[in-house]
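Colleague: I have a model open and want to learn how to read it. Can you take me through a few features?

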Amino acid sequence: MRLLGLYVGYKDGSCIYNRHPKGLYLDPSMITGFLSAISHFVQEAALSKDPLKEMSAGETKFVYEWGKDIFIAALCYRTADSTKVRRMLEKIIIDLENDLKEVLPKWNGKLRDLAAPISKIVERNITSVSTKLPFHPAEDELLRHPEDYYFELISTNLDEIRNILLRDSNLYELIKMKGIDDETLGTLLEILDKEFPSLEEISNFLTIEPGDLVPILIHLDNRGIVSCYKLLEEIRTE
């Protein structure tokens, strides 16, 4: 099972262990503090005794497991089997609370007392936490540093790279919902490479409503799949 990140938090929200994607520069204590706080908020607001078990955002989700003194949050893809992830986290919680039963209840806040034993226990149970970015890079960045990203670069062919970046994103579903097929999408990329003069001409040529084209153009430009900057600037100034 492939995880994108793993965070072990103390009951006060302090981060006592973490593994997360390279390039994610948030302080791990901010992450565990937020995850702990949002769970307590949900319990209070919903008048529930049960802590939060899962929280989704975009293509990823956090899956929680709670112990007496600690909790674990695994960052994984939204399609991951939450039951299997939680079962794995539960095993870690049991091992941690058994091995550190003398330390955890009265922990004094010194990470050096926990870092090594926690790392050993986590690594014993999980070896598949990815250290690679689960985000979608621009194609030139992908070409320069393919090893930094969670998908494999199987070709340096520009069309295939575009295909990877498009299909591995939420926009692809939007394109399908708008009734735009792969052939039309390919034609759009070719047109944009030639710097077609205006949004209206692209719209007429492909028979796609301008309002449907704009979010697609923004996404293509943001991802670096093809440059739409000049066209978007013209649209904004009209």
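Colleague: How many residues lie between strand 3 and strand 4 in their hairpin, and which residue in the turn has a positive phi?

Modeller: Keep in mind that this is a predicted model. Strand 3 and strand 4 form a hairpin with 2 residues between them. In the turn, G58 has a positive phi of about 60°.

Colleague: In which sense do strand 3 and strand 4 pair, and over how many bridges?

Modeller: Strand 3 covers residues 54-57. Its pairing with strand 4 is antiparallel, over 4 bridges.

Colleague: How do side chains sit along a strand?

Modeller: In a regular strand they alternate between the two faces of the sheet.

Colleague: Where does K68 lie?

Modeller: K68 is in the loop between strand 4 (60-66) and strand 5 (70-77).

Colleague: Is K68 buried or exposed?

Modeller: Exposed counts as over 50% relative accessible area. K68 has 73%, so it is exposed.

Colleague: What about the whole chain? How many helices and strands does it have?

Modeller: The protein chain has 10 helices and 5 strands. Of its 238 residues, 42% are buried. It exposes about 13,400 Å², with carbon and sulfur atoms supplying 52% of that area.

Definitions and conventions: Residues are numbered from 1 along each chain as its sequence is written. This is a predicted model: local features need pLDDT of at least 70, side-chain atom pairs count only at pLDDT 80 or more; totals for chains, interfaces and linings use all residues. Side-chain values use heavy atoms; hydrogens and water are left out. Buried means under 20% relative accessible area, exposed over 50%, partly exposed in between (1.4 Å probe, protein chains only). Two strands pair if DSSP finds at least two bridges between them. Accessible areas come from the Shrake-Rupley method with a 1.4 Å probe; for residues, only the protein chains shown count as cover.
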